[in-house]
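Work through the exercises below with the sequence and model at hand. Try each task before you read its solution.

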Amino acid sequence: MPWVLWVPAALALALVVLPVAGLLVRTDLRRVPGLIVSDASLTALRLSLETAAVSTLACIVLGVPLAVVLARSAVPGIRVLRAVVLLPLVLPPVVGGLALLYLLGRKGFLGYLLGVTAGVQVPFTTAAVIIAQTFVAMPFLVVSLEGALRGGGDRYERIAATLGARPWTVFRRVTLPLLLPALGSGAVLSFARALGEFGATITFAGSLEGVTRTLPLAVYTEAEVDVDSAVALALLLIVVAIVVIAVARPRALEGTAR
Amino acid sequence: MKKLGALLAAATLLITGCGSPSGGTGTKTLTVFAAASLTESFTALKARFESAHPGTEVRFNFAGSSALVQQLSNGARADVFASADQANMDKAGQAGLLDSAPSVFATNKLTIAVAPGNPKGVAAFADLATRGLTVVVCAPQVPCGSATQKVEQKTGVTLRPASEEQDVKQVLNKVQTGDADAGLVYVTDAASAAGKVARVDFPEASQAVNSYPIAVVKNAPEAGPAREWVDFVLGQQGRAELQKAGFGAP
(Lines give C-alpha, C1' and ligand atoms only; values in the text may rest on other atoms or scores of the structure.)
Protein backbone atom coordinates (compact mmCIF):
# COMPACT_ATOMS: atom_id res chain seq x y z
CA MET A 1 0.00 0.00 0.00
CA PRO A 2 1.45 3.41 -0.93
CA TRP A 3 1.95 5.51 2.19
CA VAL A 4 0.36 8.61 0.61
CA LEU A 5 -3.03 6.96 1.01
CA TRP A 6 -2.76 7.62 4.72
CA VAL A 7 -3.30 11.35 4.26
CA PRO A 8 -6.69 11.30 2.48
CA ALA A 9 -7.67 8.28 4.58
CA ALA A 10 -7.04 10.25 7.74
CA LEU A 11 -9.02 13.19 6.38
CA ALA A 12 -11.88 10.86 5.48
CA LEU A 13 -11.86 9.41 8.96
CA ALA A 14 -11.75 12.88 10.49
CA LEU A 15 -14.77 13.90 8.43
CA VAL A 16 -16.80 11.17 10.10
CA VAL A 17 -15.31 11.15 13.58
CA LEU A 18 -14.87 14.85 14.30
CA PRO A 19 -18.53 15.92 13.93
CA VAL A 20 -19.62 13.14 16.27
CA ALA A 21 -16.85 14.13 18.65
CA GLY A 22 -18.05 17.73 18.39
CA LEU A 23 -21.51 16.58 19.42
CA LEU A 24 -20.04 14.80 22.44
CA VAL A 25 -17.91 17.76 23.48
CA ARG A 26 -20.84 20.17 23.40
CA THR A 27 -23.12 17.87 25.38
CA ASP A 28 -23.48 17.99 29.12
CA LEU A 29 -23.17 14.23 29.52
CA ARG A 30 -24.47 14.29 33.10
CA ARG A 31 -27.78 15.62 31.85
CA VAL A 32 -28.12 13.08 29.05
CA PRO A 33 -29.69 10.22 31.03
CA GLY A 34 -32.30 12.57 32.45
CA LEU A 35 -33.12 13.96 29.03
CA ILE A 36 -33.36 10.57 27.39
CA VAL A 37 -35.73 8.86 29.82
CA SER A 38 -38.62 11.20 29.07
CA ASP A 39 -41.77 9.42 27.93
CA ALA A 40 -41.62 11.08 24.52
CA SER A 41 -38.09 9.92 23.74
CA LEU A 42 -38.64 6.37 24.98
CA THR A 43 -41.78 6.16 22.87
CA ALA A 44 -39.82 7.40 19.87
CA LEU A 45 -36.99 4.94 20.51
CA ARG A 46 -39.39 2.01 20.75
CA LEU A 47 -41.24 3.07 17.62
CA SER A 48 -37.93 3.42 15.78
CA LEU A 49 -36.68 -0.01 16.80
CA GLU A 50 -39.97 -1.70 16.00
CA THR A 51 -40.52 -0.07 12.61
CA ALA A 52 -36.88 -0.56 11.60
CA ALA A 53 -37.15 -4.26 12.51
CA VAL A 54 -40.30 -4.72 10.44
CA SER A 55 -38.79 -2.74 7.54
CA THR A 56 -35.68 -4.92 7.62
CA LEU A 57 -37.87 -8.00 7.46
CA ALA A 58 -39.75 -6.52 4.51
CA CYS A 59 -36.42 -5.68 2.85
CA ILE A 60 -35.35 -9.32 3.20
CA VAL A 61 -38.62 -10.83 2.01
CA LEU A 62 -38.78 -8.56 -1.03
CA GLY A 63 -35.11 -7.78 -1.58
CA VAL A 64 -33.68 -11.32 -1.71
CA PRO A 65 -35.81 -12.40 -4.69
CA LEU A 66 -35.15 -9.05 -6.36
CA ALA A 67 -31.38 -9.40 -5.97
CA VAL A 68 -31.46 -12.95 -7.35
CA VAL A 69 -33.54 -11.83 -10.32
CA LEU A 70 -31.22 -8.90 -10.99
CA ALA A 71 -28.06 -10.98 -10.72
CA ARG A 72 -29.17 -14.16 -12.45
CA SER A 73 -31.74 -13.41 -15.12
CA ALA A 74 -30.72 -12.48 -18.64
CA VAL A 75 -33.84 -10.49 -19.49
CA PRO A 76 -33.12 -7.52 -21.79
CA GLY A 77 -33.36 -4.22 -19.99
CA ILE A 78 -32.26 -5.68 -16.67
CA ARG A 79 -29.58 -3.00 -16.39
CA VAL A 80 -32.19 -0.28 -16.55
CA LEU A 81 -34.21 -2.12 -13.94
CA ARG A 82 -31.14 -2.31 -11.77
CA ALA A 83 -30.64 1.44 -12.00
CA VAL A 84 -34.26 2.00 -11.02
CA VAL A 85 -33.92 -0.27 -7.99
CA LEU A 86 -30.96 1.76 -6.79
CA LEU A 87 -32.78 5.05 -7.25
CA PRO A 88 -33.70 5.48 -3.56
CA LEU A 89 -29.98 5.48 -2.77
CA VAL A 90 -29.44 8.73 -4.62
CA LEU A 91 -32.88 10.28 -4.39
CA PRO A 92 -33.21 12.99 -1.75
CA PRO A 93 -35.39 11.40 0.96
CA VAL A 94 -37.92 14.20 0.71
CA VAL A 95 -38.38 13.38 -2.96
CA GLY A 96 -38.88 9.76 -1.97
CA GLY A 97 -41.52 10.83 0.52
CA LEU A 98 -43.31 12.94 -2.08
CA ALA A 99 -43.21 10.05 -4.55
CA LEU A 100 -44.76 7.75 -1.97
CA LEU A 101 -47.37 10.37 -1.19
CA TYR A 102 -48.30 10.66 -4.85
CA LEU A 103 -48.69 6.89 -5.07
CA LEU A 104 -50.23 5.99 -1.73
CA GLY A 105 -51.60 9.34 -0.60
CA ARG A 106 -55.32 9.82 -0.62
CA LYS A 107 -55.20 11.25 -4.14
CA GLY A 108 -52.43 8.96 -5.40
CA PHE A 109 -53.77 6.29 -7.70
CA LEU A 110 -53.03 3.34 -5.44
CA GLY A 111 -53.98 5.26 -2.33
CA TYR A 112 -57.24 6.30 -3.93
CA LEU A 113 -58.04 2.68 -4.83
CA LEU A 114 -57.21 1.52 -1.32
CA GLY A 115 -59.40 4.24 0.14
CA VAL A 116 -62.35 3.49 -2.08
CA THR A 117 -62.21 -0.31 -1.93
CA ALA A 118 -60.98 -0.96 1.59
CA GLY A 119 -61.41 2.37 3.37
CA VAL A 120 -57.69 2.35 4.15
CA GLN A 121 -55.70 5.56 4.45
CA VAL A 122 -51.95 4.98 4.42
CA PRO A 123 -50.37 8.37 5.27
CA PHE A 124 -50.18 9.27 8.96
CA THR A 125 -50.01 5.60 10.00
CA THR A 126 -47.20 3.46 11.37
CA ALA A 127 -47.51 1.42 8.18
CA ALA A 128 -46.50 4.53 6.24
CA VAL A 129 -43.35 4.79 8.36
CA ILE A 130 -42.48 1.19 7.55
CA ILE A 131 -43.11 1.71 3.84
CA ALA A 132 -40.91 4.81 3.81
CA GLN A 133 -38.13 3.00 5.65
CA THR A 134 -38.34 -0.04 3.39
CA PHE A 135 -38.25 2.23 0.34
CA VAL A 136 -34.97 3.85 1.35
CA ALA A 137 -33.35 0.81 2.97
CA MET A 138 -34.02 -1.94 0.45
CA PRO A 139 -31.35 -0.89 -2.09
CA PHE A 140 -28.70 -1.49 0.56
CA LEU A 141 -29.79 -5.09 0.89
CA VAL A 142 -30.13 -5.61 -2.83
CA VAL A 143 -26.70 -4.13 -3.52
CA SER A 144 -24.94 -6.33 -0.97
CA LEU A 145 -26.72 -9.46 -2.16
CA GLU A 146 -26.25 -8.77 -5.82
CA GLY A 147 -22.56 -8.12 -5.30
CA ALA A 148 -22.19 -11.45 -3.53
CA LEU A 149 -24.20 -13.28 -6.20
CA ARG A 150 -22.18 -11.83 -9.06
CA GLY A 151 -18.85 -12.18 -7.23
CA GLY A 152 -19.54 -15.80 -6.33
CA GLY A 153 -20.62 -16.77 -9.83
CA ASP A 154 -23.14 -19.50 -10.54
CA ARG A 155 -20.80 -22.49 -10.68
CA TYR A 156 -22.41 -24.35 -7.77
CA GLU A 157 -25.88 -23.69 -9.07
CA ARG A 158 -24.97 -25.08 -12.50
CA ILE A 159 -23.45 -28.18 -10.95
CA ALA A 160 -26.52 -28.74 -8.78
CA ALA A 161 -28.69 -28.39 -11.87
CA THR A 162 -26.63 -30.89 -13.87
CA LEU A 163 -27.01 -33.29 -10.95
CA GLY A 164 -30.75 -33.07 -11.45
CA ALA A 165 -31.88 -30.53 -8.83
CA ARG A 166 -34.94 -28.51 -9.76
CA PRO A 167 -34.63 -24.67 -9.82
CA TRP A 168 -36.47 -24.25 -6.52
CA THR A 169 -34.26 -26.84 -4.82
CA VAL A 170 -31.16 -25.14 -6.21
CA PHE A 171 -32.35 -21.79 -4.88
CA ARG A 172 -33.17 -23.20 -1.46
CA ARG A 173 -30.20 -25.54 -0.98
CA VAL A 174 -27.42 -23.75 -2.88
CA THR A 175 -28.13 -20.08 -3.60
CA LEU A 176 -29.62 -19.12 -0.22
CA PRO A 177 -26.89 -20.73 1.95
CA LEU A 178 -24.23 -19.06 -0.18
CA LEU A 179 -26.00 -15.74 0.31
CA LEU A 180 -26.28 -15.93 4.09
CA PRO A 181 -23.19 -13.89 5.00
CA ALA A 182 -24.08 -11.14 2.55
CA LEU A 183 -27.65 -11.29 3.76
CA GLY A 184 -26.37 -10.65 7.27
CA SER A 185 -24.42 -7.55 6.32
CA GLY A 186 -27.16 -6.33 3.98
CA ALA A 187 -29.79 -6.70 6.68
CA VAL A 188 -27.68 -4.74 9.16
CA LEU A 189 -27.16 -1.96 6.64
CA SER A 190 -30.88 -1.86 5.91
CA PHE A 191 -31.74 -1.78 9.59
CA ALA A 192 -29.29 1.05 10.22
CA ARG A 193 -30.64 3.01 7.26
CA ALA A 194 -34.22 2.46 8.37
CA LEU A 195 -33.31 3.62 11.86
CA GLY A 196 -31.90 6.87 10.53
CA GLU A 197 -34.69 7.52 8.02
CA PHE A 198 -36.04 11.03 8.28
CA GLY A 199 -37.00 12.87 5.12
CA ALA A 200 -39.29 10.33 3.51
CA THR A 201 -40.97 9.62 6.84
CA ILE A 202 -41.76 13.22 7.71
CA THR A 203 -43.02 13.88 4.19
CA PHE A 204 -45.08 10.73 3.71
CA ALA A 205 -46.01 9.56 7.20
CA GLY A 206 -46.13 12.79 9.17
CA SER A 207 -45.07 13.19 12.78
CA LEU A 208 -47.25 12.11 15.68
CA GLU A 209 -45.99 10.82 19.00
CA GLY A 210 -46.35 7.06 19.33
CA VAL A 211 -47.66 6.64 15.78
CA THR A 212 -45.22 8.10 13.30
CA ARG A 213 -42.70 10.14 15.30
CA THR A 214 -39.56 8.00 15.17
CA LEU A 215 -36.33 8.95 16.92
CA PRO A 216 -34.93 11.07 14.06
CA LEU A 217 -38.21 12.99 13.88
CA ALA A 218 -38.20 13.42 17.66
CA VAL A 219 -34.69 14.87 17.44
CA TYR A 220 -35.91 17.39 14.86
CA THR A 221 -38.99 18.32 16.86
CA GLU A 222 -37.02 18.66 20.07
CA ALA A 223 -34.37 20.81 18.39
CA GLU A 224 -37.01 23.53 18.02
CA VAL A 225 -37.24 24.07 21.77
CA ASP A 226 -34.35 22.44 23.56
CA VAL A 227 -31.15 21.76 21.66
CA ASP A 228 -29.59 19.94 24.63
CA SER A 229 -32.38 17.46 24.71
CA ALA A 230 -32.22 17.06 20.93
CA VAL A 231 -28.50 16.36 21.18
CA ALA A 232 -29.14 13.80 23.92
CA LEU A 233 -31.63 12.04 21.66
CA ALA A 234 -29.16 12.23 18.78
CA LEU A 235 -26.54 10.57 20.97
CA LEU A 236 -29.01 7.83 21.78
CA LEU A 237 -29.55 7.30 18.06
CA ILE A 238 -25.79 7.18 17.44
CA VAL A 239 -25.25 4.71 20.28
CA VAL A 240 -28.01 2.42 18.99
CA ALA A 241 -26.58 2.61 15.46
CA ILE A 242 -23.06 1.82 16.63
CA VAL A 243 -24.29 -1.10 18.76
CA VAL A 244 -26.21 -2.49 15.79
CA ILE A 245 -23.23 -2.23 13.46
CA ALA A 246 -20.76 -3.54 16.05
CA VAL A 247 -22.90 -6.53 17.00
CA ALA A 248 -23.29 -7.51 13.35
CA ARG A 249 -19.71 -6.77 12.39
CA PRO A 250 -18.21 -10.26 12.20
CA ARG A 251 -20.92 -11.41 9.83
CA ALA A 252 -20.69 -8.24 7.80
CA LEU A 253 -16.96 -8.76 7.36
CA GLU A 254 -17.54 -12.34 6.38
CA GLY A 255 -19.94 -11.11 3.76
CA THR A 256 -17.40 -8.92 2.04
CA ALA A 257 -14.33 -11.15 2.37
CA ARG A 258 -15.72 -14.34 1.02
CA MET B 1 0.79 13.93 -7.17
CA LYS B 2 -0.88 16.92 -8.75
CA LYS B 3 -4.20 15.14 -8.56
CA LEU B 4 -3.63 14.29 -4.93
CA GLY B 5 -2.93 17.93 -4.24
CA ALA B 6 -6.21 18.95 -5.79
CA LEU B 7 -7.98 16.24 -3.82
CA LEU B 8 -6.41 17.43 -0.62
CA ALA B 9 -7.39 21.00 -1.37
CA ALA B 10 -10.96 19.87 -1.98
CA ALA B 11 -10.98 17.87 1.22
CA THR B 12 -9.57 20.77 3.21
CA LEU B 13 -12.24 23.02 1.78
CA LEU B 14 -14.84 20.45 2.73
CA ILE B 15 -13.60 20.32 6.29
CA THR B 16 -12.91 23.98 6.95
CA GLY B 17 -16.02 25.05 5.09
CA CYS B 18 -15.81 27.58 2.33
CA GLY B 19 -16.79 30.46 4.55
CA SER B 20 -15.22 33.47 2.92
CA PRO B 21 -17.88 36.16 2.66
CA SER B 22 -17.96 37.63 -0.80
CA GLY B 23 -17.40 41.29 -0.09
CA GLY B 24 -17.67 43.10 -3.41
CA THR B 25 -15.71 46.24 -3.99
CA GLY B 26 -17.51 49.16 -2.44
CA THR B 27 -20.81 47.37 -1.97
CA LYS B 28 -22.04 46.57 1.47
CA THR B 29 -23.72 43.24 1.97
CA LEU B 30 -26.50 43.30 4.52
CA THR B 31 -27.32 39.87 5.89
CA VAL B 32 -30.86 39.42 7.14
CA PHE B 33 -31.90 36.32 9.07
CA ALA B 34 -35.67 36.03 8.76
CA ALA B 35 -38.43 33.58 9.59
CA ALA B 36 -39.43 31.39 6.64
CA SER B 37 -42.92 32.89 6.61
CA LEU B 38 -41.39 36.23 5.61
CA THR B 39 -39.85 34.82 2.42
CA GLU B 40 -42.28 36.39 -0.05
CA SER B 41 -42.72 39.80 1.58
CA PHE B 42 -39.06 40.36 2.48
CA THR B 43 -37.94 39.30 -0.99
CA ALA B 44 -40.35 41.86 -2.46
CA LEU B 45 -38.98 44.53 -0.10
CA LYS B 46 -35.38 43.78 -1.03
CA ALA B 47 -35.57 45.34 -4.50
CA ARG B 48 -37.10 48.54 -3.19
CA PHE B 49 -34.61 48.82 -0.36
CA GLU B 50 -31.68 48.30 -2.70
CA SER B 51 -32.84 50.95 -5.11
CA ALA B 52 -33.36 53.37 -2.22
CA HIS B 53 -29.92 52.54 -0.80
CA PRO B 54 -27.49 52.21 -3.72
CA GLY B 55 -24.36 50.27 -2.85
CA THR B 56 -26.13 48.03 -0.39
CA GLU B 57 -27.00 44.48 -1.28
CA VAL B 58 -29.45 42.51 0.86
CA ARG B 59 -28.86 38.82 1.40
CA PHE B 60 -31.36 36.58 3.17
CA ASN B 61 -31.23 33.48 5.27
CA PHE B 62 -34.79 32.19 5.59
CA ALA B 63 -35.42 29.35 8.04
CA GLY B 64 -37.49 28.43 11.07
CA SER B 65 -37.03 31.09 13.77
CA SER B 66 -35.50 28.71 16.29
CA ALA B 67 -33.07 27.34 13.72
CA LEU B 68 -32.01 30.93 13.06
CA VAL B 69 -31.45 31.57 16.76
CA GLN B 70 -29.29 28.46 16.88
CA GLN B 71 -27.27 29.60 13.89
CA LEU B 72 -26.80 33.01 15.48
CA SER B 73 -25.67 31.58 18.79
CA ASN B 74 -23.24 29.34 16.92
CA GLY B 75 -21.59 32.41 15.50
CA ALA B 76 -23.32 32.89 12.16
CA ARG B 77 -22.58 36.30 10.67
CA ALA B 78 -25.74 38.37 10.45
CA ASP B 79 -26.92 41.97 10.71
CA VAL B 80 -30.67 41.69 11.28
CA PHE B 81 -32.87 39.04 12.85
CA ALA B 82 -36.62 38.91 12.21
CA SER B 83 -38.46 36.23 14.19
CA ALA B 84 -41.93 34.76 13.69
CA ASP B 85 -42.60 34.84 17.40
CA GLN B 86 -41.66 36.60 20.59
CA ALA B 87 -40.29 33.45 22.24
CA ASN B 88 -37.43 33.00 19.81
CA MET B 89 -36.58 36.71 19.85
CA ASP B 90 -36.48 36.50 23.66
CA LYS B 91 -34.17 33.51 23.38
CA ALA B 92 -31.84 35.55 21.16
CA GLY B 93 -32.01 38.44 23.61
CA GLN B 94 -31.20 36.26 26.60
CA ALA B 95 -28.22 34.81 24.74
CA GLY B 96 -26.90 38.35 24.27
CA LEU B 97 -27.23 38.22 20.49
CA LEU B 98 -29.14 41.47 20.01
CA ASP B 99 -27.90 45.01 19.70
CA SER B 100 -31.17 46.85 20.07
CA ALA B 101 -34.50 46.21 21.71
CA PRO B 102 -36.69 44.33 19.24
CA SER B 103 -39.75 46.01 17.78
CA VAL B 104 -42.86 44.25 16.52
CA PHE B 105 -43.47 44.90 12.82
CA ALA B 106 -46.30 42.51 11.94
CA THR B 107 -48.79 40.03 13.32
CA ASN B 108 -50.13 36.80 12.00
CA LYS B 109 -52.99 34.59 13.00
CA LEU B 110 -54.29 31.15 12.24
CA THR B 111 -56.85 30.12 9.71
CA ILE B 112 -58.17 26.75 8.59
CA ALA B 113 -56.91 25.59 5.22
CA VAL B 114 -59.18 23.18 3.35
CA ALA B 115 -59.44 21.86 -0.17
CA PRO B 116 -60.82 24.36 -2.73
CA GLY B 117 -64.61 24.46 -2.47
CA ASN B 118 -64.45 23.18 1.12
CA PRO B 119 -65.89 19.73 0.27
CA LYS B 120 -66.07 18.63 3.91
CA GLY B 121 -68.02 21.73 4.87
CA VAL B 122 -65.76 22.93 7.64
CA ALA B 123 -67.35 26.07 9.05
CA ALA B 124 -65.90 26.57 12.52
CA PHE B 125 -62.95 25.62 14.68
CA ALA B 126 -65.07 23.08 16.58
CA ASP B 127 -65.79 21.25 13.31
CA LEU B 128 -62.15 20.15 13.27
CA ALA B 129 -62.86 17.74 16.14
CA THR B 130 -65.38 15.83 13.99
CA ARG B 131 -64.61 12.12 13.78
CA GLY B 132 -63.42 10.97 10.40
CA LEU B 133 -61.94 14.32 9.48
CA THR B 134 -58.17 14.13 8.92
CA VAL B 135 -56.70 17.21 10.54
CA VAL B 136 -53.03 18.20 10.47
CA VAL B 137 -51.51 20.82 12.76
CA CYS B 138 -48.10 22.19 13.70
CA ALA B 139 -46.21 20.56 16.58
CA PRO B 140 -46.56 22.52 19.85
CA GLN B 141 -42.80 23.10 19.74
CA VAL B 142 -43.07 25.47 16.77
CA PRO B 143 -44.86 28.85 16.84
CA CYS B 144 -47.85 27.85 14.70
CA GLY B 145 -48.31 24.82 16.95
CA SER B 146 -48.24 26.83 20.15
CA ALA B 147 -50.81 29.18 18.64
CA THR B 148 -52.96 26.14 17.79
CA GLN B 149 -52.65 24.91 21.36
CA LYS B 150 -53.69 28.31 22.65
CA VAL B 151 -56.81 28.28 20.51
CA GLU B 152 -57.63 24.79 21.74
CA GLN B 153 -57.36 25.97 25.33
CA LYS B 154 -59.48 29.05 24.73
CA THR B 155 -62.21 27.15 22.90
CA GLY B 156 -62.12 23.95 24.94
CA VAL B 157 -62.01 22.00 21.69
CA THR B 158 -59.55 19.12 21.71
CA LEU B 159 -58.17 18.19 18.31
CA ARG B 160 -56.97 14.71 17.45
CA PRO B 161 -54.52 15.55 14.68
CA ALA B 162 -53.29 12.86 12.29
CA SER B 163 -49.90 14.50 12.39
CA GLU B 164 -48.02 17.30 14.13
CA GLU B 165 -45.86 18.81 11.44
CA GLN B 166 -42.59 20.61 11.95
CA ASP B 167 -43.50 23.71 10.04
CA VAL B 168 -46.55 25.38 8.69
CA LYS B 169 -45.66 24.80 5.04
CA GLN B 170 -45.78 21.04 5.64
CA VAL B 171 -49.30 21.42 7.00
CA LEU B 172 -50.24 23.40 3.92
CA ASN B 173 -48.65 20.75 1.67
CA LYS B 174 -50.69 18.00 3.23
CA VAL B 175 -53.90 19.91 2.60
CA GLN B 176 -52.80 20.66 -0.96
CA THR B 177 -52.02 17.03 -1.75
CA GLY B 178 -55.42 16.09 -0.33
CA ASP B 179 -54.02 13.81 2.35
CA ALA B 180 -55.41 16.03 5.07
CA ASP B 181 -58.97 17.37 5.02
CA ALA B 182 -58.03 20.43 7.00
CA GLY B 183 -54.94 22.05 8.44
CA LEU B 184 -54.26 24.96 10.73
CA VAL B 185 -51.98 27.44 9.02
CA TYR B 186 -51.26 31.14 9.13
CA VAL B 187 -53.43 33.52 7.16
CA THR B 188 -50.31 34.47 5.16
CA ASP B 189 -49.62 30.87 4.16
CA ALA B 190 -53.18 30.36 3.02
CA ALA B 191 -52.84 33.58 1.02
CA SER B 192 -49.64 32.36 -0.64
CA ALA B 193 -51.44 29.18 -1.74
CA ALA B 194 -54.59 30.95 -2.85
CA GLY B 195 -56.40 28.88 -5.48
CA LYS B 196 -54.87 25.64 -4.21
CA VAL B 197 -56.50 25.82 -0.79
CA ALA B 198 -59.55 27.60 0.54
CA ARG B 199 -59.60 29.51 3.78
CA VAL B 200 -62.03 29.14 6.64
CA ASP B 201 -61.44 31.96 9.11
CA PHE B 202 -62.62 31.56 12.66
CA PRO B 203 -63.07 34.27 15.31
CA GLU B 204 -61.10 32.44 18.01
CA ALA B 205 -57.94 32.90 15.96
CA SER B 206 -57.69 36.46 17.21
CA GLN B 207 -57.01 35.08 20.69
CA ALA B 208 -53.73 33.56 19.57
CA VAL B 209 -52.09 36.26 17.51
CA ASN B 210 -48.37 35.89 16.80
CA SER B 211 -46.21 38.95 16.75
CA TYR B 212 -43.14 39.26 14.56
CA PRO B 213 -40.29 41.20 16.20
CA ILE B 214 -37.21 42.49 14.39
CA ALA B 215 -33.86 43.62 15.81
CA VAL B 216 -30.30 44.46 14.86
CA VAL B 217 -27.84 41.72 15.77
CA LYS B 218 -25.07 42.44 18.25
CA ASN B 219 -21.71 43.29 16.61
CA ALA B 220 -23.41 43.41 13.22
CA PRO B 221 -20.74 43.90 10.53
CA GLU B 222 -23.08 46.34 8.75
CA ALA B 223 -24.78 47.98 11.69
CA GLY B 224 -25.71 51.13 9.76
CA PRO B 225 -27.60 49.47 6.89
CA ALA B 226 -29.03 47.02 9.44
CA ARG B 227 -30.77 49.89 11.24
CA GLU B 228 -31.96 51.27 7.91
CA TRP B 229 -33.48 47.90 7.01
CA VAL B 230 -35.30 47.69 10.35
CA ASP B 231 -36.67 51.21 9.86
CA PHE B 232 -37.64 50.34 6.30
CA VAL B 233 -39.60 47.25 7.40
CA LEU B 234 -41.30 49.22 10.18
CA GLY B 235 -42.06 52.09 7.81
CA GLN B 236 -44.75 52.81 5.25
CA GLN B 237 -43.45 50.60 2.43
CA GLY B 238 -42.73 47.68 4.71
CA ARG B 239 -46.17 47.84 6.22
CA ALA B 240 -47.85 47.95 2.81
CA GLU B 241 -45.92 44.95 1.51
CA LEU B 242 -46.60 42.91 4.65
CA GLN B 243 -50.26 43.77 4.54
CA LYS B 244 -50.39 42.55 0.95
CA ALA B 245 -49.08 39.18 2.13
CA GLY B 246 -51.84 38.97 4.73
CA PHE B 247 -49.96 40.09 7.83
CA GLY B 248 -51.76 42.20 10.37
CA ALA B 249 -50.52 45.52 11.71
CA PRO B 250 -48.60 45.36 15.01
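**Exercise 1. Confidence in chain A**

What pLDDT does chain A average, and what share of the residues score at least 70?

Solution. Start with the scale: pLDDT is the predictor's confidence in each residue, from 0 to 100. Chain A averages 88. Of its residues, 96% score at least 70. Next, go element by element; helices (H or I, at least four residues) and strands (E, at least two) are DSSP runs numbered from the N terminus. Helix H14 of chain A, residues 249–256, has the lowest confidence, with a mean of 52. Helix H3 of chain A, residues 39–72, has the highest, at 94.

Ground rules for all exercises: this is a predicted model, in which local features need pLDDT of at least 70, side-chain atom pairs count only at pLDDT 80 or more, and totals for chains, interfaces and linings use all residues. Residues are numbered from 1 along each chain as its sequence is written, chains are lettered from A and ligands numbered from 1 in the order in which they are written, and side-chain values use heavy atoms, with hydrogens and water left out.

**Exercise 2. Confidence in chain B and the complex**

Find where the confidence of chain B is lowest and highest by element.

Solution. Chain B averages a pLDDT of 88, and 90% of its residues score at least 70. H1(B) has the lowest mean, 51. Strand E3 of chain B, residues 80–82, has the highest, 97. Now check residues 12–24 of chain B: pLDDT stays under 50 there, and the model has five contacts (heavy atoms within 4.5 Å) beyond four places in sequence for this stretch. For the complex, the predictor gives an ipTM of 0.75 and a pTM of 0.81.

**Exercise 3. The fold of chain A**

How many helices and strands does chain A have?

Solution. Count 14 helices and zero strands. For the extent, take the C-alpha atoms along the principal axes: they fill a box of roughly 65 × 65 × 30 Å. Then look for a link within the chain. A:Glu157 and A:Arg72 form a salt bridge (a side-chain nitrogen of Lys or Arg within 4 Å of a carboxyl oxygen of Asp or Glu), with their closest N and O atoms 3.0 Å apart. A:Glu157 sits in helix H9 (residues 155–162) of chain A and A:Arg72 in helix H3 of chain A, so the pair ties together parts 85 residues apart in sequence. Over all chains, the search finds 17 salt bridges.

**Exercise 4. The interface**

Describe the contact between chain B and chain A.

Solution. First, the residues: 28 come from chain B and 27 from chain A. Second, the area. The two chains bury about 2,400 Å² (accessible area, 1.4 Å probe, lost on being put together and summed over both), with 55% of it on carbon and sulfur atoms. In chain B, B:Gln141, B:Gln166 and B:Asp179 lose the most area to chain A, together 26% of what that side buries. Third, the charges: two salt bridges cross the interface. One of them joins the side chains of B:Glu164 and A:Arg213, at 3.0 Å from N to O.

**Exercise 5. The disulfide**

Which cysteines form a disulfide?

Solution. Search for cysteine sulfur atoms within 2.5 Å. B:Cys138 and B:Cys144 form it, with sulfur atoms 1.9 Å apart. The torsion about their S-S bond is about -90 degrees, so the disulfide is left-handed.
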